[in-house]
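Here are a few friendly notes to read alongside the model.

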Amino acid sequence: MTEGGRGTATVPEPTREQAPRRRQRPASSRARQDARTGLALISPTFAIVLVMVVLPILWTVSLAFQQVRLLNLRTTGILGDYSIENFRAVLTSDGFVSALVTTLEYSVLGTAGAISVGLVAALALRAPFRGRGLVRAALLLPYVAPVVAATFVWSTLLNPQFGLVNDWGTGLLGWKEPIAFLSSRDEPSVLGVTLPLSTSLLTVIGFEAWRSFPFAFLFLTARMQAIPDTLDEAARLDGATPTQRFRYIVWPEVAPTIAVLSVLRFIWTFNNFDDIYLLTGGGSGTQVVSVRVFDYLTARGDIGAAAAQALVLALILAVLVTTYLKFFGRREEQA
Amino acid sequence: MSATRTSASSPARRSLRNTVEERSLAVLRPLVIAALLFAAVFPFYYMVLLSFRPLDELLQHPGSLWISPSEVHLGTYGDVLKSVDDGGQGFLVFIRNSLLVAVATVIVTLLVSVPGAYAVSRLQFFGRRYISGLFLAVYFFPAILLAVPLFVFYTRIGMRGSLIGLVIVYVAQVAAVSIYMLRNYFETIPESLEEAAAIDGASRLQVMRHISLPLAMPAIISNALFIFMIAWNEFLFALLFLVENRDRWTVSLGLSQLSGSIEVPTTTLMAGSVILTLPIIVLFFLSERWLTGGLTAGAEKG
């Protein structure tokens, strides 16, 4: 205590006699002091994360095993009646499994879309040209813009009555009638093949790809800049064509980055609430688990069931990510 | 083996393939860039365009993409900003709330995360190796999982609807990322500078205040902008905590709530969208270089 106090209260300009004494002290003294200062400096962050993140998560576990509703909230304590009734009710309830399937479809296709577009963008902007910096910055707009504004513009653009897309579609492209992009359950067919996804789900997947591709673009661009120019140059002299140079030079370099991006984007898309809630409200085949949790929490006031579903969501995510890392983790470590 | 195979395929065919590929790429590349640029920018152009048009104009000509300067209609901005008592949508109050929340989040987060990041990058203490991992795990948790207990907690202690409660939640959410980004920067500052000061007798805290902090200022400022953008854009917690009291709505929440009602004209709300988006875009272009560098710092390590 006293030593720590001395460490922090040293006068700004030590006198001559003090300096040599300090140097003679054992080296571990400064180390111990550092350890104490370190703990002191990190503790505010630690405290706030503990109180606002870790404890709430533990509390969710407790809530998930109790019959808690908004109405009887004030009377339930930590020591309530614990049962697995919530989990039984949630797992067997109508629509839970389909919400889970929708969540998976949404996150897998959204992730794949975002990363593919991001990769194409990074490749297209690889060679320098006039105004490339500006184009790069402009491509990041969808990612930085507020989600509420972005979803609002999209819903206006896609509006069946006065939306630009439907106006052009019916006027210029010869659509028979406007398409309700955000409220249609129909499964559209492309070139005679009927897709197993509703129009609305495809639209929100498209939105996800649009909004998140800049993230992938940014990371892939950074990675590509680190590839030595000499490699490309040598391959070009050896007569490698552009696709060969991509396949044998660029791809091996960016593949580990793509693996990491897939995990990150998958996690974030899997957890995503804002985009779907704002675009469709979870209607017409787009109800993902996080939107369902929100409905249970606010509309039904069934806190126990909401907590149980949120936990199931987190558990499934943890299992998926762990499995993925088990299979691909080793390769990434080397990269 | 491979050498014989390479010489076996005729060089003429190979160079033909090369020419075909290079030619088609030369055509494709500008097209792809133009398409991407269009996709990224057009929605925002449309947003600004609609915010300048009166509603009946939009309903009559939904497909038009241009307005002459004489037709520019600024009434939508007045309507959206005016208070509800004056027949507007009260966005001025929302802007005030958003600003209060975002600025408070920035200040509190930096107060806890700058010392924290310094400690993680420079000082050996018990648990240091695990702590950043723990903090980062926060970033990957479903927000909706946190939303349940925090909603219950705030309802119970009567803090739902308070902007301060929202700030505390935001700080807990961004402190981890902030520490991660700042730590990367602190590690680029040569330790010899600090050692020199330490030999002159300066304490750790003095070293931090007089040497490391001034050097890290650019990173801290860009970090501040980054946190501001997150807090300004946030939607889920604002919706959960503040929705019942219109005077507490943030811009994001206000726009989402009003866009559901039929009474408010779409073009007026587009003016609201511009007001919501513009500060973020300005901040982004100011800090773009720093932000992209900080975000991808880990990606460049081969």
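The points below go through the chain contact, the domains, a helix pair and a loop residue.

1. Please keep in mind that this is a predicted model. In the contact between the two chains, chain A takes part with 84 residues and chain B with 90 residues. On the side of chain B that touches chain A, helix H2 (residues 11-51) gives the most, with 20 residues. That side of chain B divides into 60 nonpolar, 20 polar and 10 charged residues.

2. Chain A is assigned domain 1 (2-64) and domain 2 (88-334). Their contact takes four residues from domain 1 and six residues from domain 2. The domain 1 side has three nonpolar, one polar and no charged residues.

3. Do have a look at helix H5 (residues 96-124) and helix H12 (residues 242-271) of chain A, whose axes come within 9 Å and cross at roughly 140°. Because of that angle, H5(A) counts as oblique to H12(A), and the crossing is right-handed. Among the residues making the contact are A:Tyr106, A:Gly110 and A:Ala114 of H5(A), and A:Leu261, A:Arg265 and A:Phe266 of H12(A). By class, this contact has seven nonpolar, six polar and one charged residues.

4. One backbone detail deserves a glance: A:Ser284 is not a glycine, yet has a positive phi of about 40°. Most residues other than glycine have a negative phi. A:Ser284 sits in the loop between helix H13 (274-279) and helix H14 (289-298) of chain A. Is A:Ser284 buried or partly exposed? With 18 other C-beta atoms within 10 Å, A:Ser284 is partly exposed, because being buried takes 20 or more.

Definitions and conventions:
Residues are numbered from 1 along each chain as its sequence is written. Chains are lettered from A and ligands numbered from 1 in the order in which they are written. This is a predicted model: local features need pLDDT of at least 70, side-chain atom pairs count only at pLDDT 80 or more; totals for chains, interfaces and linings use all residues. Two residues are in contact if their C-beta atoms, placed from the backbone, lie within 7 Å. Helices (H or I, at least four residues) and strands (E, at least two) are DSSP runs, numbered from the N terminus. Ala, Val, Leu, Ile, Met, Phe, Trp, Tyr, Cys and Pro count as nonpolar, Asp, Glu, Lys and Arg as charged, and the others, Gly among them, as polar. A residue is buried if 20 or more other C-beta atoms lie within 10 Å of its own, exposed if 12 or fewer, and partly exposed in between; C-beta atoms are placed from the backbone. Domain bounds come from an automatic or database domain assignment. Axes are lines fitted to C-alpha atoms, for helices over the stretch in contact, and angles run from 0 to 180 degrees between N-to-C directions. Angles under 35 degrees count as roughly parallel, over 145 as roughly antiparallel, 65 to 115 as roughly perpendicular and the rest as oblique. A crossing is left-handed if the near helix is turned anticlockwise from the far one by less than a right angle, and right-handed if clockwise.
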